[in-house]
2 protein chains.
Amino acid sequence: MKKFILIAFTLLLGTSAFAQQALFGGPSVESPVINPDGTVTFRYQAPKAIKVQLTGDFLPTQHMEYEMNGQKIAFDSPGVADLQERPGGVWEYTTPFVVEPEMYTYTFRVDGNSVVDPNNMFVNRDVASLTSVLLVPKAGARSDLYAIHKVPHGTVSKVWYHSDKAGFDRRLTVYTPAGYEKSKAKYPVLFVLHGIGGDEDAWVTQGRATQILDNLIARGQAKPMIVVFTNGNISEEAAPLENSTGYTRPTMSLPQTMEGSFETAFPEIVKFIESNYRTIGKKQGRAICGLSMGGFHTLYITLNNPDMFNYSGMFSAAIGTGSEQSATGNPEIYKDMDGKLATYFAKKPALLWIGIGKTDFLIQSNNDFRKKLDAAGYPYKYMETDGGHIWRNWRIYFSEFVPLLFK
Amino acid sequence: MKKFILIAFTLLLGTSAFAQQALFGGPSVESPVINPDGTVTFRYQAPKAIKVQLTGDFLPTQHMEYEMNGQKIAFDSPGVADLQERPGGVWEYTTPFVVEPEMYTYTFRVDGNSVVDPNNMFVNRDVASLTSVLLVPKAGARSDLYAIHKVPHGTVSKVWYHSDKAGFDRRLTVYTPAGYEKSKAKYPVLFVLHGIGGDEDAWVTQGRATQILDNLIARGQAKPMIVVFTNGNISEEAAPLENSTGYTRPTMSLPQTMEGSFETAFPEIVKFIESNYRTIGKKQGRAICGLSMGGFHTLYITLNNPDMFNYSGMFSAAIGTGSEQSATGNPEIYKDMDGKLATYFAKKPALLWIGIGKTDFLIQSNNDFRKKLDAAGYPYKYMETDGGHIWRNWRIYFSEFVPLLFK
């Protein structure tokens with residue numbers, strides 16, 4: 001009887017009745033598998049399916065064009081590959097090429113329906129979509145920064161602060177570097193802002209920012225720093241399902257995202273961090289960066305608080321979209337760009353950093369902004385990469401920007 | 001042109017090319033929807049599917065029996081419901097009953113394949129299965145403790161400590177109550193242990209422990225306390241995909257889980273917490289509890305350190321499975337139960353708490369243990385609930401146990 005209980009136990013213990021069922025009857029195939037030759041195999045168990053496909057951003061892209069309001073919208077969409085059915089109803093696909101070290105997302109299409117890989121527990125949410133993640137690290141490649149290594153790890157915390165502007169408590173993700181708890185030192189702080197549709201989780205899930213920080217700091221390539229990932233949707237307490245509104249569906253059209261509210265309220269976040277953590281607490285010890293909408297926020301927060309940040313990074317910044325003009329109430333924060341630029345640069349900030357992809361739909365407005373800087377002789381660093389408005393680029397920009405800080 | 005860019009922008013901004021595609025072509029149905037009458041509607045868009053079903057632990061259970069090594073294993077499996085196809089290829093099911101306030105898990109079965117709800121971003125991992133989550137809160141019901149309310153929120157941190165026993169850094173989840181950062185007070189500490197197949201994430205995802213703590217503390221029903229969720233798999237740095245081993249599949253058969261290693265190493269976690277947080281640092285300020293394997297760990301950690309914990313909680317504890325006898329090396333930690341019980345109770349601990357479900361496969365061994373306590377006249381508190389070895393019960397036990405601590 002003891003033996004029987006032990007067997008039942010190893011099968012059942014610690015799981016719900018529901019998971020028990022999954023353990024008995026669930027899928028047992030391995031997917032994804034990074035093969036020794038650098039190809040990757042994907043498997044999906046579906047004995048009754050007619051067609052199983054895979055779409056992911058490691059597959060050759062397809063050029064797509066949409067027409068909207070008489071205007072063409074063109075972008076490169078991930079390719080699609082067919083899986084082959086093997087005996088036992090397991091569908092399989094092995095890339096006919098080496099998958100370059102990088103972090104990718106993919107989903108299966110089973111008879112036309114998009115589903116995440118049930119055998120891959122690595123699932124990210126991007127706005128209102130779930131995708132499976134394929135991380136291919138390689139020693140020496142940049143993607144090695146995205147992997148978890150046996151190095152000292154910082155602490156990653158979900159922290160709530162009270163926003164007077166919003167009128168409720170709001171959530172931040174805060175990274176404190178390894179050694180912070182035992183140290184008596186004061187640390188510099190980097191504030192990191194997400195894009196529209198994102199939240200305080202985006203940079204630590206899709207951005208792999210805490211892994212990048214752990215690894216850069218362990219290599220001695222970045223200074224130990226506190227890093228604060230804000231939620232730029234001032235109408236939101238926290239990421240979807242992490243706030244009191246229940247099943248509110250993630251959306252790209254939250255109110256008050258690009259009309260000055262978040263930028264105006266930003267100093268309350270700086271104040272909260274500096275009164276709760278051991279920080280340097282002055283311009284020399286503060287940096288800010290953001291992607292897309294967060295790059296737009298970064299620009300206006302920086303220009304309206306010219307004594308606050310010594311380092312600012314604009315990643316694929318959403319400038320020149322007309323948001324400043326369409327913002328209700330014609331907020332002061334978006335006015336007098338030229339005057340504010342003059343004031344900002346007169347105070348000699350250590351770094352204004354701009355990065356964008358060659359095929360980003362925002363490259364023209366970023367080029368226009370750089371022309372303005374060039375014409376006035378204002379210094380900045382610039383990085384142009386392949387590809388468009390994608391997380392691969394934002395991880396690159398983050399891992400290029402961070403080593404330049406607080407030197 | 002400005003207008004065009006603004007439209008493209010609201011569609012594209014802040015998302016990867018991959019998500020852009022999802023936004024254009026992805027599902028747009030709402031699921032799950034908790035209806036005003038208390039029924040719940042589930043939807044799944046699958047124009048090409050032949051059959052779409054739903055399985056979840058809110059559906060009437062089916063009694064299942066398996067035969068293994070000549071022994072019968074019986075358990076209740078969640079029921080299955082058929083969705084009906086509506087115009088547009090959206091499949092739909094509305095429960096013909098009010099779904100009682102509780103936290104549930106479910107998946108769709110599309111032509112036999114189990115998939116999570118692509119419209120529900122609330123996904124939990126249970127060992128190696130992904131499931132969608134349905135949380136039905138209701139004011140006054142216990143499940144209201146599992147919901148996020150506009151109350152002061154504690155900080156939830158992922159923290160790494162060095163384990164001498166394991167020889168590497170390991171991850172903990174640490175909850176510090178609202179107000180901890182600004183307070184100068186010393187706090188009591190509760191250590192919370194998971195079941196086999198779980199890790200340091202389990203209690204905060206499936207267990208909703210941090211929501212329960214926020215709500216109980218806000219109501220004045222529990223003392224503010226630090227709560228530490230350990231990883232009881234000593235061979236593991238951290239939860240799957242949160243450690244340096246990459247795509248290691250979650251498993252129920254990790255080495256060194258129930259052979260004394262974790263229990264023996266446990267004091268190093270207590271020491272780490274007490275040297276990094278403001279704690280009371282003595283028996284009166286320490287509690288421990290755990291579910292299933294974690295209940296087993298709780299018992300042996302408590303008995304082998306009789307001066308360490310004033311409060312111990314065994315939730316569906318996996319005692320009497322023969323693990324003690326089959327453990328390699330016949331470890332000291334499992335020996336002399338009677339002598340250790342005598343020593344432990346002689347020191348007058350404030351609380352030994354035992355909870356188990358009426359149909360739990362471990363109820364007989366728990367009854368045997370209670371008979372032993374009764375025979376010796378040792379005091380304990382006992383709670384018996386409906387149902388078996390399931391998370392619903394563990395959430396109940398946790399929310400009953402926590403208010404009893406540090407009073």
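## Packing in a predicted two-chain model

Pro177(B) touches Gly154(B), Ile217(B), Pro224(B) and Met225(B), leaving aside residues up to four places away in sequence; contact requires C-beta atoms, placed from the backbone, within 7 Å. This is a predicted model in which local features need pLDDT of at least 70, side-chain atom pairs count only at pLDDT 80 or more, and totals for chains, interfaces and linings use all residues. Residues are numbered from 1 along each chain as its sequence is written, while chains are lettered from A and ligands numbered from 1 in the order in which they are written.

Pro177(B) sits in the loop between strand S14 (168-176) and strand S15 (189-193) of chain B; helices (H or I, at least four residues) and strands (E, at least two) are DSSP runs numbered from the N terminus. Pro177(B) is buried because 22 other C-beta atoms lie within 10 Å. The cut-offs are 20 or more such atoms for buried, 12 or fewer for exposed, and partly exposed in between. From Pro177(B) to Tyr187(B), 10 residues apart in sequence, the C-alpha distance is 9.3 Å.

Asp374(A), in helix H9 (residues 363-376) of chain A, is exposed because it has 11 other C-beta atoms within 10 Å.

In helix H10 (residues 391-401) of chain A, 10 of the 11 residues are buried, among them Trp391(A), Trp394(A) and Phe401(A). The buried residues of H10(A) pack against several elements of chain A, including helix H4 (209-218) and strand S9 (102-110).

The largest nonpolar core has 208 residues; such a core is a set of buried Ala, Val, Leu, Ile, Met, Phe, Trp, Tyr and Cys residues joined through C-beta atoms within 7 Å. Val228(A) is one of the members that touch the most others.

Terms used:
Contact = placed C-beta atoms within 7 Å.
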